[in-house]
Amino acid sequence: PNGFTVLIRQDRSAPVVAIVTYVCAGYFDETDDIIGIAHVLEHMYFKGTPSRGVGEIAKETKAVGGYLNAATIYDHTVYYTVLPSSGFVQGLDVQADAYARSQIDAGELGRELEVIIQEAKRKADNPGAVSTETLYELLHDRHRIRRWRIGREPGLRALSRDALVGFYRNFYHPGNTILSIVGDVDPMEALAEVERKYGSLPEGHPSRSRGPTEEGTAGFRYREWTGDIGQTQLAFGWRTPGSTHPDTPALDMLATVMGGGRASRLYRAVRERRLASSVSAYNYTPTEIGVFVAHAETPPEHAADAARGIWDQIRTIRDGDLGEFELERAKRIQESHWLRRLEDME
């Protein structure tokens with residue numbers, strides 16, 4: 001009744017259960033003055049409630065044999081715990097407490113911000129991350145996907161407890177959340193437990209601003225950076241439609257044809273010729289916006305030849321050189337990836 005979406009799937013294959021909380025708030029929901037706040041809140045989520053002090057949430061989860069973690073991306077923040085099914089009630093109680101009653105202590109926030117700033121600095125020293133986020137910035141003129149998503153040190157230091165509490169109270173509502181429970185549980189008993197712990201929470205109505213849309217200006221764009229790194233990062237990118245567009249499955253298949261496994265186009269044309277130590281392709285569609293990327297890590301002396309090899313494969317496919325066998329192979333790879341993802345409760 002309060003808008004909370006609950007998904008429960010019974011799986012008796014192992015005596016464990018996963019509890020996963022998806023909050024529909026991420027980097028795209030941040031205005032320019034609070035870039036990185038969704039990730040900071042992810043860190044603060046498990047830092048204590050009125051009934052559980054700092055460290056108690058993790059300690060109680062581990063005490064029943066479980067583990068927990070979290071992640072933030074453009075359109076959501078996800079919190080998950082996996083534990084023995086015998087500890088389901090205790091684990092759910094911890095998750096519900098953290099979700100509804102995180103305190104966000106100012107002193108703890110100050111200490112955690114130092115950890116997050118170091119994380120941001122490490123990311124800025126990661127050539128693969130820098131090349132990817134530079135590509136996203138170069139591809140887009142207006143959309144929030146062009147921003148350095150984890151935030152930079154000056155902006156992170158400027159974040160206040162009031163800003164975090166405001167973001168938390170705005171987005172962390174039942175109507176903006178999905179709770180997924182999979183494992184060795186009785187669905188009706190699990191649902192009754194969820195109702196006891198979450199049913200009294202007010203629905204809430206988040207105020208959301210997704211920021212400017214991206215119409216996209218045509219034309220070739222290029223950026224080259226140099227630095228003290230041993231391998232050259234090479235990234236091609238194109239703007240593509242979002243996750244529900246009818247072209248998206250075809251682009252997903254195209255990425256698998258190009259970069260999926262040792263028989264893929266890019267592996268044979270670039271990796272086997274030792275022009276790159278790694279090469280990949282993907283079509284990423286977080287929401288209404290998408291990015292198709294071909295990415296390689298290559299010795300500097302082979303960068304130009306690697307770029308030619310990647311571009312040649314893109315050109316030949318665009319011109320229609322795509323066999324049925326390649327497409328069938330891509331479908332089998334996608335199917336096997338999907339099946340492997342179902343091998344654990346999480």
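What span should the 14 residues of helix α3 have at 1.5 Å a residue, and how far apart are its end C-alpha atoms? Point 3 takes this up. The model discussed here is predicted.

1. **Overall fold.** The protein has 12 helices and eight strands. Its radius of gyration is 22 Å, close to the 20 Å that the globule rule gives for 346 residues, so the protein is as compact as a globular protein of that length. Along the principal axes, the C-alpha atoms fill a box of roughly 60 × 50 × 35 Å.

2. Of the 346 residues, 46% count as buried. Take the contacts with a separation of 6 or more: residues 24 or more positions apart account for 80% of them.

3. **Helix α3.** This helix covers residues 88-101. Its 14 residues should span 20 Å at 1.5 Å a residue, and the end C-alpha atoms are 20 Å apart, which agrees. The buried residues in α3 are F88, G91, L92, V94, Q95, A96, D97, A98 and Y99. An α-helix has 3.6 residues a turn, so residues three or four places apart point the same way.

4. **Y99.** Y99 belongs to helix α3. Its relative accessibility is 2%, so Y99 counts as buried, the cut-off being under 20%. Leaving out residues up to four places away in sequence, Y99 touches T21, V23, Y45, Y168, Y172, H173, P174, T177, Y198 and L201. One of these, Y45, is 54 residues from Y99 in sequence. The C-alpha atoms of Y99 and Y45 are 7.3 Å apart.

5. **T177.** Y99 and T177 touch. T177 lies in strand β5, residues 177-183. At 2% relative accessibility, T177 counts as buried. Beyond four places in sequence, T177 touches F4, T5, T21, Y22, V23 and Y99. T21 and V23 are among the residues that Y99 touches. For V78, the separation from T177 is 99 residues in sequence and 9.8 Å from C-alpha to C-alpha.

6. **R9 and strand β1.** R9 sits in strand β1, residues 5-10. With a relative accessible area of 59%, R9 is exposed, because the cut-off is over 50%. Setting aside neighbours within four places in sequence, R9 is in contact with I181, V182 and G183. R9 and V185 are 176 residues apart in sequence, with their C-alpha atoms 8.2 Å apart.

7. **H43 and helix α1.** H43 is part of helix α1, residues 37-44. A relative accessible area of 18% makes H43 buried. That value falls under the 20% cut-off. Apart from neighbours within four places in sequence, H43 is in contact with E112, I116 and E119. R146 is 103 residues from H43 along the chain, and the two C-alpha atoms are separated by 23 Å.

8. Most residues other than glycine have a negative phi. Which way does phi go at I104 and R274, positive or negative? I104 has a positive phi, near 55°. Phi of R274 is also positive, near 60°. I104 is in the loop between α3 and α4, the latter covering residues 106-124. R274 is in the loop between α10 and β7. I104 counts as buried at 2% relative accessibility, whereas R274 counts as exposed at 70%.

9. **Helix α11.** This helix, residues 303-318, has 16 residues. From first C-alpha to last, α11 reaches 22 Å, close to the 22 Å expected at 1.5 Å a residue. Which residues of α11 are buried? They are A303, A306, A307, G309, I310, Q313, I314, T316 and I317. Their cover includes strands β6 (232-241), β7 (278-284) and β8 (289-298). Helices α9 (248-259) and α10 (265-271) are also included. G320 follows α11, and its phi is positive, near 105°.

Notes. Residues numbered from 1 in each chain as written. Predicted model: local features only at pLDDT ≥ 70, side-chain atom pairs only at ≥ 80, totals over all residues. Heavy atoms only, no water. Helix = DSSP H or I, 4+ residues; strand = E, 2+ residues; numbered from the N terminus. Rg over C-alpha atoms; globule rule 2.2 N^0.38 Å. Buried < 20%, exposed > 50% of the residue type's maximum accessible area, 1.4 Å probe, protein only. Contact = heavy atoms within 4.5 Å. Expected span 1.5 Å × (residues − 1).
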